[in-house]
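Let's take a friendly walk through a protein, beginning with a single residue and ending with the overall fold. Keep the structure in view as you read.

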Amino acid sequence: MSKDHAEYLTDEQIAAEVAQIAEDIKAGRISDDEAERDAYFNDPANAEEVAAMFARMAAVEALYKARHEAGLTQKELAERLGTNQTYIAALERGRKNITFRTLSRYAAACGKKVAVTLL
């Protein structure tokens, strides 16, 4: 089984990668792959799937922010939850489906509560 790239990165390295991507976007360095991706996102036939992806991204971002606001590393959070850092990394990258129970435990470990809004 291959390792996920993000498993080897520190929070600082991830932040640097995100900053570089943002800089590339602002500078207009868009590749053919990105143009193809943009076309996919703008196609009305994909609207439902795109909305679901953005909702998942918002949830993942909320997990990441909660951990950072609590001042915890992935390893520290994993210890609180009785799991490993690799699992936390996968959750924060949106690569694992999270149960409501796990979401609640994650939030509690960060000093937060879960609130659900149906739109």
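This is a predicted model: local features need pLDDT of at least 70, side-chain atom pairs count only at pLDDT 80 or more; totals for chains, interfaces and linings use all residues.

Is L118 buried or exposed? Its relative accessibility is 80%, and exposed means over 50%, so L118 counts as exposed.

Together with F100, V114 and V116, L118 forms a nonpolar patch on the surface. The accessible area of these four residues together is about 440 Å².

Now turn to the largest pocket, which holds about 660 Å³ of space. Its lining is made up of 24 residues, and those closest to the pocket's centre are A59, A62, L103, V114 and A115. Which of the elements gives the most? That is α3, with eight residues.

What kinds of residue line the largest pocket? Here is the lining sorted by class:

| Class in the lining of the largest pocket | Number of residues |
|---|---|
| Nonpolar | 17 residues |
| Polar | three residues |

Finally, step back to the whole protein. The secondary structure has six helices and zero strands, and from the N terminus the order of elements reads α-α-α-α-α-α. Of the 119 residues in the protein, 23% are buried.

Methods. Residues are numbered from 1 along each chain as its sequence is written. Side-chain values use heavy atoms; hydrogens and water are left out. Patches are made of residues with over 30% relative accessible area and no salt bridge: like charges are joined within 9 Å, nonpolar side chains (Val, Leu, Ile, Met, Phe, Trp, Tyr) within 5 Å. Accessible areas come from the Shrake-Rupley method with a 1.4 Å probe; for residues, only the protein chains shown count as cover. A salt bridge is a side-chain nitrogen of Lys or Arg within 4 Å of a carboxyl oxygen of Asp or Glu. Buried means under 20% relative accessible area, exposed over 50%, partly exposed in between (1.4 Å probe, protein chains only). On a 1 Å grid over the protein atoms alone, a cavity is a set of points where a 1.4 Å probe fits but cannot get out, and a pocket is an open set with protein on both sides within 12 Å along at least five of seven lines; lining residues have an atom within 4 Å of a point. Grid points are joined across faces, edges and corners, and a volume is the space filled by probe spheres set on the points. Helices (H or I, at least four residues) and strands (E, at least two) are DSSP runs, numbered from the N terminus. Ala, Val, Leu, Ile, Met, Phe, Trp, Tyr, Cys and Pro count as nonpolar, Asp, Glu, Lys and Arg as charged, and the others, Gly among them, as polar.
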